[in-house]
Amino acid sequence: MTEATRIVLASRPSGAPNAENFRTQRVELPDAAEGDVTVRVLYLSLDPYMRGRMSDAKSYAEPVPIGGVMEGETVAEVLKSRHSDFAPGDIVRGRIGWCSHAVIGGDKLRLVETHGAPVSAALGVLGMPGFTAWSGLKFIGKPQPGETVAVAAASGPVGSMVGQLAKLAGARPVGIAGGPEKCAFVKDELGFDAVLDHRSPSLSSDLQTACPKGIDVYFENVGGHVWDAILPLLNPYGRVPVCGLVAHYNGAGAGNEDRLPTTMGAILRRSLTVRGFIQTEFAAEHFATFLAEVGPRVASGEVRYREDIVEGIENAPEAFIGMLTGKNFGKLVVKVSDL
Ligand SMILES: NC(=O)c1ccc[n+]([C@@H]2O[C@H](COP(=O)([O-])OP(=O)(O)OC[C@H]3O[C@@H](n4cnc5c(N)ncnc54)[C@H](OP(=O)(O)O)[C@@H]3O)[C@@H](O)[C@H]2O)c1
């Protein structure tokens with residue numbers, strides 16, 4: 001018998017989640033049936049979208065039921081396999097959830113390919129967040145040489161990739177991040193042309209100074225007061241891939257005033273293209289191309305990334321709650337067990 005530790009949704013949050021919304025369980029796993037694989041989780045990815053899964057509001061994906069295991073992508077080691085594609089010792093990725101071990105259908109798993117980077121990269125720079133940045137820029141943002149590309153949450157896995165890919169396309173990336181440490185990383189380590197602190201009261205005028213020719217592409221990750229500062233600077237025919245609105249995920253509160261008339265007026269007068277997307281729209285067709293294109297650049301150090309690794313699955317709720325207010329610094333992953 002294999003025992004598993006799992007974190008389930010105990011109750012739905014109202015506003016910011018807290019520790020009482022989660023419960024830890026110990027369960028015995030059944031034996032693997034034909035086609036199943038028994039895995040030991042090595043790394044669990046924590047991502048902002050999980051806040052949406054805790055809510056039963058209508059969305060593009062089903063909510064986690066009360067008592068259900070929290071959703072999440074993981075990198076895991078195969079312990080036992082009754083699926084012909086996998087053998088013990090294989091390192092796989094799949095949506096196993098917030099748990100230490102699981103029995104899962106082999107058709108839901110993929111072998112990990114990281115071009116020599118640590119396997120945790122399959123959850124960040126070479127996984128879903130990296131692909132989100134790559135596909136949103138390639139198919140919606142379409143940065144041209146000399147253009148200005150702005151992105152917030154710039155030290156995180158999506159934003160850091162957006163800026164570096166924009167630079168490789170010959171554009172001028174301008175990052176927005178929370179606090180001096182993150183800002184220094186974005187400018188000095190990631191090579192953005194400029195970076196602004198969104199906590200500064202002079203964000204709007206700082207942004208204007210950093211973008212003397214306006215903004216051609218704004219990769220929207222946060223919304224809120226950052227959007228207020230960006231909107232007046234968007235150039236005619238500017239493109240806005242709408243990727244996420246993390247400033248609003250915890251619901252009503254400061255900064256949730258009605259932005260619709262100002263936003264729609266700007267879209268109209270400046271012929272802006274504002275296009276939302278979920279990365280799954282592009283993944284089946286383009287993930288392999290992304291990996292082939294970006295993997296070697298990560299392996300060579302040309303594309304850089306930072307991970308924020310929290311030890312122990314029992315610490316996942318606290319780390320997740322902190323991420324929604326910017327406490328993470330880099331791609332947030334939980335190390336569940338040693339490789
Ligand atoms: N559409 C898709 O398919 C898709 C896929 C993946 C991710 N996303 C979205 O992409 C965005 C970035 O994801 P990620 O995984 O790279 O997250 P992340 O950067 O690791 O974490 C979220 C960051 O958002 C920033 N933030 C939080 N509240 C904020 C506020 N009120 N104002 C400004 N910034 C705030 C914080 O960074 P600072 O401290 O720097 O502010 C925080 O670290 C999220 O909105 C996520 O939901 C969308």
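User: From which domains does the lining of the largest cavity draw at least three residues each?
Analyst: Heads-up: this is a predicted model, where local features need pLDDT of at least 70, side-chain atom pairs count only at pLDDT 80 or more, and totals for chains, interfaces and linings use all residues. Residues are numbered from 1 along each chain as its sequence is written, and side-chain values use heavy atoms, with hydrogens and water left out. Domain bounds here come from an automatic or database domain assignment. At least three lining residues come from each of domain 1 (2-124 + 306-335) and domain 2 (128-276).

User: How much space lies in the largest cavity?
Analyst: A cavity is a set of points on a 1 Å grid over the protein atoms alone where a 1.4 Å probe fits but cannot get out, and its lining residues have an atom within 4 Å of a point. Points are joined across faces, edges and corners, and the volume is the space filled by probe spheres set on them. By that rule there's one cavity of 30 Å³ or more. The space in the largest cavity is about 100 Å³.

User: Which helix gives the most to that lining?
Analyst: The lining has 16 residues, and G124, V125, P157, S160 and Y305 lie nearest the cavity centre. Helices here are DSSP runs of H or I, at least four residues, numbered from the N terminus (strands: E, at least two). With four residues, the top contributor is helix α3 (residues 157-168).

User: How far is S337 from L42 in space, C-alpha to C-alpha?
Analyst: S337 sits in the segment after β15 (331-335). Leaving out residues up to four places away in sequence, S337 touches R40, V41 and L42. S337 and L42 are 295 residues apart in sequence, and their C-alpha distance is 4.8 Å.

Notes: 1 Å grid on protein atoms, 1.4 Å probe; cavity = no way out; pocket = protein on both sides within 12 Å on 5 of 7 lines; lining within 4 Å. Contact = heavy atoms within 4.5 Å.
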